[in-house]
Amino acid sequence: MRDFVQKKLENFYPVIGDAHPFQPDANVIAWIWTRTVPSPDPAFASCNVPIASTFLLCSKKGKEAWVEIEVSAEKKTIQYRVKNGNSKSDIVKASHGTKAGRGANFVCPLSGAAITPEYIKNVGRTSGYGYELMAIVVESKKGRVYCNPSKEQSEIAKNCRPSAAPDLALPKHPQYMGVGGYGYEKFSDLFIPRQLAVLEELCNGLPFLESKIKADAVVAGFDDDNVALEDGGRGALAYAQAICVYISFAIDKLADYNNSLCAWNHKNENISHLFNRHAIPMMWDFVEANPFGAMLDFGKLCDSVAGGLAISGYGLQGAAFQSDAIFGKCGEDKPVISTDPPYYDNVPYADISDFFYVWLRKSNQRIFPQIFATISVPKSSELVADRVRHGDAKTADAFFLRGMTESLKNFITISDPSAPTAIYYAFKQSEIEEEGISSTGWATFLDAVISAGFAINATWPVRTERTVRMRAIGSNALANSVVLVCRPKSDSSVSITRQEFVRTLKRELPSAIAELQAANIAPADMPQSSIGPGMGVFSRYNAVLESDDSSMSVKTALQLINRELDEYLGGIQGEFDPDTRFAITWFEQNGNSKGDYGVADNLARARGIAVESIKHAGIVESAAGKVRILTRDELDEDWEPERDDHLTVWECLQHLVKAHEKDGISHDTAVLLKKIGSQAEAVKDLAYCLYDISANKRKDAKEATAYNALIADWAELTNAAAAIHDTSGDRQIRLDI
């Protein structure tokens, strides 16, 4: 398939030629382009000038390369030249491209005139943008080499004419379709002609491939029954069609990397795909990768799809079908339901899916005519609270609540009553930071679950996304999803008052939270996990009545549950030693910064101790009328709990966190936990408290992550400590020496 299409398009993917002495006839792996607009200066209105966010090509030390533009105001020309070297000033200048500020603000290199966002948008809506080749990337024996652009290479790309580009209109969704404001109206606008041509040829080549695979399958012994895949076939035709479906996935994958919105990563010298997030943002300079080159080889994309199939449980008989969640029936009688329903208002997946659907339809319509009967992805019934689609927030919210409630009612009707229904909910990080567990989306979703007739028996955090760099409080620590374990509510449920609900929470929630802690639920996941027993209380009743006889809202119930969790964590503090209780309060107020001695003295006396006692314990520094909690880096390196005559839970935790930060689940960390001995459970409780203070009150991401990571590894550390019978070891020997 790859070779077939490459042969058809070989004139459009030329070698670089003999003009470059380092490697004649080398294959180009990428072309780096910039969009252009006519200069806003009337004197240069006939000149197209670059709107490039960067001219950097490679920022690796010793391999620095960038594009430098040679400007001639007299001749009204701009030439692009590749430069190499380690000049910091040149590299910094190149990194800014022709940008003049944030957003779509640029400067004309010919005249110095400002190119404003309004001007750029107007060009996009009227005449459209041009694009110019800035550099060519070649794979050589020395690695990736950057060459000057050539007129021949530029003209070949621009003169390529696709036969039937997808003319489907782009959705009008400003939040997720950043290109819409810049004059892009159709999906074909997101590609340059050569990119469209290769995608089209790959799609058009599938029937040829199907016939070849079918013939080979017959020779290999498959039944030549001509029963199609859509009709349940398992012979040569169905086999050939299945392979073509899998290859269509690779074509879609190529579309993600083969469009004019892909950035060049100058740090790693490779291409970034479009969908780094669920949106189609504008890109001013972009890279076009060679789909038959070393960097983005279509064959490798097919290997990627095959790798996924290899671990997908093939060989098992299954069935997949589409059905309306509100009215539909399942193919099985009384099924067990495990579902990940649409998130409240996170992403309009139907709108964004059209980017891939246009190519999937072109590839698969002949194989699955019913599935691909519509020109675009159906959108009106997508169960999300989309304000753009429904006109306003109130209407969108009502649509989501009504549809979700009806869907869940249908689940109760068709599902196996002997098994719980598992429903997954994905949190947005910003949702947790801004509103906590009582956020609008979460509350609306739970309202639908309860209104449908479900009682919530438990909630558990589920890791569903790969860990990424922390950008905000807890963003790589919080559970990405929560699974709700639900059963139909009892017909005999009654109503209770707000006071009775709060009393029941106080009676049942502490023991439930203690069980969660015993199960080593990470502190970052505790708010979501505690929803289970809390909402279990709320949802078991027909209604919780406020003082005016109105029904309590789910959002209010969540706030009360969260308050009980805070009280529980606060109550734990009373069980710690006085020095630790002082340190908790001081840390909450000051972190590791200095505070007045007088304030510290009053705080210490209220706990029956003196500041000197806390200083003697090795927790604080006191000098010149100021008091400060010591950081973990300042703790005594030779500290041993069995030798400490003033042992505190605070010290035990901080030393354990320090060891865990350094070595993770190691022998030394396990030995230290073993030596802490009877204080271990108190240490774990303190980690929960300090996580809550760090994440929710002090907004200290680094500190919060340290405590969360320790609890996440607590079970393994405990097991490792239990296996240690002699704690003398190397660590103790070093101390004795």
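A search of the whole structure, a predicted model, finds one cavity of 30 Å³ or more. A cavity is here a set of points, on a 1 Å grid over the protein atoms alone, where a 1.4 Å probe fits but cannot get out; a pocket is an open set with protein on both sides within 12 Å along at least five of seven lines, and lining residues have an atom within 4 Å of a point. Grid points are joined across faces, edges and corners, and a volume is the space filled by probe spheres set on the points. Local features need pLDDT of at least 70 and side-chain atom pairs count only at pLDDT 80 or more, whereas totals for chains, interfaces and linings use all residues. Residues are numbered from 1 along each chain as its sequence is written, and side-chain values use heavy atoms, with hydrogens and water left out.

The largest cavity holds about 30 Å³ of space. Its lining consists of Gly618, Ile619, Leu630, Thr631, Arg632, Leu635, Trp650 and Gln654. By class, four of the lining residues are nonpolar, three are polar and one is charged (Ala, Val, Leu, Ile, Met, Phe, Trp, Tyr, Cys and Pro count as nonpolar, Asp, Glu, Lys and Arg as charged, and the others, Gly among them, as polar).

The second largest pocket has a volume of about 1,300 Å³. It is lined by 40 residues, of which Phe321, Gln322, Ser323, Asp324 and Ala325 are the closest to its centre. Two or more lining residues come from each of β13 (338-339), α9 (349-364) and α11 (393-414); helices (H or I, at least four residues) and strands (E, at least two) are DSSP runs, numbered from the N terminus. Helix α11 gives the largest share of this lining, nine residues. The lining of the second largest pocket comprises 22 nonpolar, 12 polar and six charged residues.

A three-stranded open sheet has the order β19-β21-β20, with antiparallel pairing. Its edge strands, β19 (595-596) and β20, each pair on one side only. Two strands are taken to pair if DSSP finds at least two bridges between them. Strands β19 and β21 are antiparallel and joined by two bridges, and Asp596 has Lys626 of β21 as its bridge partner. Four bridges connect β20 (residues 620-623) with β21 (residues 626-629), again in the antiparallel sense. Within β21, Val627 is the bridge partner of Ser622.

In a regular strand the side chains alternate between the two faces of the sheet. Buried denotes under 20% relative accessible area, exposed over 50%, and partly exposed in between (1.4 Å probe, protein chains only).

Strands β20 and β21 form a hairpin with two residues between them, and Ala624 lies in the turn. Most residues other than glycine have a negative phi, and most peptide bonds are trans. Ala624 has a positive phi of about 55 degrees although it is not a glycine. With 82% relative accessibility, Ala624 counts as exposed. A positive phi, near 60 degrees, also occurs at Asn520, which is placed in the loop between α14 (498-518) and α15. Asn520 counts as buried because its relative accessibility is 18%.

Helix α15 (residues 526-539) has 14 residues and spans 20 Å from its first C-alpha to its last, close to the 20 Å expected at 1.5 Å a residue; the expected span is 1.5 Å times one less than the number of residues. A kink of about 30 degrees in α15 is centred on Pro533, the bend at a residue being the angle between axes fitted to the seven residues ending there and the seven starting there. Because 13 of its 14 residues are buried, α15 is largely enclosed by the rest of the structure.

Strand β8 (residues 130-140) is likewise largely enclosed by the rest of the structure, because eight of its 11 residues are buried. Strand β1 (residues 28-38) runs antiparallel to β8 and is joined to it by eight bridges, with Ala30 opposite Val137 in β8. Strand β9 (residues 143-147) is also antiparallel to β8, over five bridges, and Tyr146 of β9 is the bridge partner of Val137. Two residues separate β8 and β9, which form a hairpin.
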